[in-house]
There are 2 protein chains.
Amino acid sequence: MKADVLKGHLEGMLLAVLETGEQHGYAIVEELKSRSGGHIALPTGTVYPALHRLETAGLIAGRWSVHGGRRRRSYELTRAGRRSLSEQRASWREFTSVVSGVLGVEPGWAGTS
Amino acid sequence: MKADVLKGHLEGMLLAVLETGEQHGYAIVEELKSRSGGHIALPTGTVYPALHRLETAGLIAGRWSVHGGRRRRSYELTRAGRRSLSEQRASWREFTSVVSGVLGVEPGWAGTS
DNA sequence: CCGAATAAGTAGCGACGCTATGTATGGAGG
DNA sequence: CCTCCATACATAGCGTCGCTACTTATTCGG
């Protein structure tokens with residue numbers, strides 16, 4: 001998948017991954033990989049700063065822990081994060097519907113993939 | 001619609017608008033507005049540079065003309081542009097399908113909007 | 001005559017995903 | 001034992017590109 005098509009949609013996906021429960025950054029990367037069938041393989045240099053932004057914005061809350069001698073920072077959704085996620089889902093639907101209309105394309109979920 | 005969600009998807013839409021026939025920049029802006037039900041109202045400072053990029057990339061070909069005393073630059077798709085458009089449609093389908101999967105969202109055309 | 005619509009353009013900003021690199025630990029294999 | 005890979009987090013700096021703001025012209029309606 002081309003680089004910057006993700007622009008503006010990454011944070012929503014991070015929130016979506018965290019919706020199912022607390023996870024740490026490295027695990028989120030793996031989870032994204034598997035949920036996307038390998039299509040979304042993000043470098044850690046993309047994900048960690050994004051998580052910091054989300055935390056600063058108050059959409060996720062992080063805490064340090066140690067597992068097998070390695071430190072982890074685990075994040076969970078805040079109430080604001082949950083709200084933001086549902087807003088982003090709505091605007092994703094609008095966005096895809098509008099752009100698909102202009103492109104003259106039938107939805108990707110339909111049959112393709 | 002939020003600003004940079006368009007990132008990486010604008011040029012495909014411009015190509016799609018030009019697919020139906022030669023048009024000049026200003027008209028493309030109006031056409032995009034109407035095709036998107038007013039959701040995509042681009043400032044000219046976005047569109048003209050984008051058209052220049054597309055022309056430099058050889059995806060569209062422009063020529064000057066004069067209508068009612070005003071100069072216009074009209075663009076039409078090149079063969080490469082047509083090819084690129086169909087590629088971008090394919091990758092749009094893939095992109096929406098993958099991201100929707102991760103977000104856990106049903107298609108926007110379905111019921112919403 | 002003046003302002004809106006038509007028509008095209010550029011300069012500069014900011015957001016953000018990327019590459020590249022650095023740090024550190026644990027476990028597996030030779 | 002030592003090296004390499006997986007795990008785990010982080011930051012610096014780049015490049016792209018849509019945006020704001022502004023400029024230049026012409027035509028037309030009031």
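Modeller: Start with DNA strand C. It is surrounded by 30 residues, a residue being near a molecule or strand if its C-beta atom, placed from the backbone, lies within 6 Å of it. The closest are A:Gly45, A:Thr46, A:Gly69, B:Tyr26 and B:Gly45.

A word on the basis. This is a predicted model, where local features need pLDDT of at least 70, side-chain atom pairs count only at pLDDT 80 or more, and totals for chains, interfaces and linings use all residues. Residues are numbered from 1 along each chain as its sequence is written, while chains are lettered from A and ligands numbered from 1 in the order in which they are written.

Both chains supply the surface near DNA strand C. Helix 3 of chain A contributes at least two residues, and so do helix 2, helix 3 and strand 3 (70–77) of chain B. Helices (H or I, at least four residues) and strands (E, at least two) are DSSP runs, numbered from the N terminus. Helix 3 of chain B gives the most, with 5 residues. By class there are 11 nonpolar, 11 polar and 8 charged residues. Here Ala, Val, Leu, Ile, Met, Phe, Trp, Tyr, Cys and Pro count as nonpolar, Asp, Glu, Lys and Arg as charged, and the others, Gly among them, as polar.

Now DNA strand D. Of the 30 residues around it, A:Gly25, A:Gly45, B:Gly45, B:Thr46 and B:Gly69 come nearest. Two or more residues each come from helix 2 (25–35), helix 3 (44–56) and strand 3 (70–77) of chain A, and from helix 3 (44–56) of chain B. Helix 3 of chain A gives the most to this surface, 5 residues. The classes near DNA strand D are 11 nonpolar, 11 polar and 8 charged.

Next, what lies behind helix 3 of chain A. That helix lies across strand 2 and strand 3 of chain A, at about 125 degrees to strand 2. Axes are lines fitted to C-alpha atoms, for helices over the stretch in contact, and angles run from 0 to 180 degrees between N-to-C directions. The sheet is open, with 3 strands of chain A in the order 1-3-2 and antiparallel pairing; two strands pair if DSSP finds at least two bridges between them. Its edge strands are strand 1 (23–24) and strand 2 (60–67), each pairing on one side only. Helix 1 (residues 10–19) of chain A also packs on the sheet, touching strand 1, strand 2 and strand 3. Its direction makes about 95 degrees with that of strand 3.

Finally, the two chains. Chain B can be laid on chain A with an RMSD of 0.0 Å by a turn of 180 degrees and a shift of 0.0 Å along the axis. Copies are superposed by least squares on the C-alpha atoms of residues with pLDDT of at least 70 in both. The two copies are thus related as by a two-fold rotation axis. The same surface serves both, as 100% of the contact residues of chain B recur in chain A. Residues are in contact if their C-beta atoms, placed from the backbone, lie within 7 Å. Each side is counted: 36 residues from chain B and 36 residues from chain A. On chain B, helix 1 (10–19), helix 2 (25–35) and helix 4 (79–103) each give two or more residues. Helix 4 of chain B has the largest share, 14 residues.

Note on methods. Two residues are in contact if their C-beta atoms, placed from the backbone, lie within 7 Å.
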